[in-house]
Amino acid sequence: MTTSITPKTPSPSPNLVPSTIGRRRLASKRKPRRWLQPLVWLLCAGVAIDGASGCAFSRGDLGAPINDSDVASIKKGRTTEAQVIALLGAPDTIHEVNHQEVFHYYRYALKHATVLVFSRVNIASDDLYVFFDREGVVDQVVFGNQTNKLKFQFWPFGE
Amino acid sequence: MTLRWQWMARLALATCLIAVGCAPVSWTRVTINRPLKPQDVAFIAPGKTKWNDVIKRLGAPNQLIMTSSGIVANYYYYDGRHFGTDFGWPLGFLGPVSLAPHSMILRKAGVGVDTFEVGFDSAGTVEYDSFSHTAPPSS
């Protein structure tokens with residue numbers, strides 16, 4: 001009596017080297033997890049969206065802007081107090097120096113940025129001083145504009 | 001899933017948590033005006049430098065104070081720093097513990113004021129100039 005035994009699994013081809021078999025086994029293990037890679041990409045997209053939501057930029061102003069053209073139209077020895085008030089409005093403060101009046105106009109500007117855990121708030125001021133002589137005519141105009149150099153920054157370290 | 005992808009996933013998750021505002025740390029800085037450095041004001045010589053020279057080089061002051069002998073011009077620079085961290089933040093991920101108050105916040109803040117002051121006599125000549133004596137922000 002003869003019995004024939006047929007193998008349940010095909011035997012590996014004698015042409016295959018052991019290292020190739022190992023790679024095939026690894027590939028068969030990786031295959032079911034390939035769906036995770038798109039998930040990671042989806043997560044990265046979420047990071048990008050969340051990154052945008054973790055950002056905030058804002059700006060604010062205190063006082064009306066002081067235009068360069070308005071300042072330029074104030075002429076020393078010609079413009080009077082009344083003309084300055086008509087041009088720029090009532091001053092924010094009035095000083096008296098050596099019996100001379102000084103009008104002070106100011107404006108503050110703020111720029112704020114937050115990116116993730118880092119925040120920075122930069123504030124700068126524009127200051128305009130108009131000095132009058134005893135007759136109420138402009139003697140000197142001093143204008144400092146710092147708000148035009150104000151930047152949005154979020155990095156809180158360094159300068 | 002390779003090791004590289006696992007790390008990328010962890011990094012993405014951590015960044016997501018931070019980005020949605022769950023960050024246990026924060027750094028904030030507030031500055032007002034620009035700082036003046038000693039070399040910016042080195043040209044000022046008391047008894048010689050005039051009002052117009054100072055204004056031309058440094059711009060308009062932020063404040064003028066009248067004195068009996070003349071005028072004082074102040075240039076302000078403020079630098080504030082804040083750091084905060086919440087050591088109880090991880091407890092928010094532990095089921096029952098997260099329901100109880102679990103904030104353990106440590107904060108440190110400091111404000112440095114660096115005012116540059118120039119005093120003029122009634123003729124508009126510099127009498128003195130000096131930086132204010134304050135400590136820089138430590139945070």
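This report walks through a predicted model, starting with chain A and ending with a hairpin in chain B.

## Getting to know chain A

Let's begin with the overall layout. Chain A contains four helices and five strands. Read from the N terminus, its elements follow the order α-α-β-α-α-β-β-β-β.

Of the 159 residues in chain A, 14% are buried. Looking at contacts in chain A between residues at least 6 apart in sequence, 62% link residues at least 24 apart.

## The largest nonpolar core

Twelve residues form the largest nonpolar core, among them A:V84, A:L88, A:F103, A:Y129, A:F132 and B:A60. In chain A, the elements giving two or more residues to this core are helix 4 (81–88), strand 3 (100–115), strand 4 (118–132) and strand 5 (138–145). The most comes from strand 4 of chain A, which gives four residues.

Setting aside neighbours within four places in sequence, A:F132 has contacts with A:E81, A:Q100, A:E101, A:V137, A:V138 and A:D139.

## A hairpin in chain B

Now over to chain B. Here strand 2 (residues 63–66) and strand 3 (residues 70–75) pair in the antiparallel sense, with four bridges. These two strands of chain B make a hairpin, and three residues lie between them.

To see one bridge up close, look for B:M66, whose bridge partner in strand 3 of chain B is B:I71.

Technical notes: Residues are numbered from 1 along each chain as its sequence is written. Chains are lettered from A and ligands numbered from 1 in the order in which they are written. This is a predicted model: local features need pLDDT of at least 70, side-chain atom pairs count only at pLDDT 80 or more; totals for chains, interfaces and linings use all residues. A nonpolar core is a set of buried Ala, Val, Leu, Ile, Met, Phe, Trp, Tyr and Cys residues joined through C-beta atoms within 7 Å. A residue is buried if 20 or more other C-beta atoms lie within 10 Å of its own, exposed if 12 or fewer, and partly exposed in between; C-beta atoms are placed from the backbone. Two residues are in contact if their C-beta atoms, placed from the backbone, lie within 7 Å. Two strands pair if DSSP finds at least two bridges between them.
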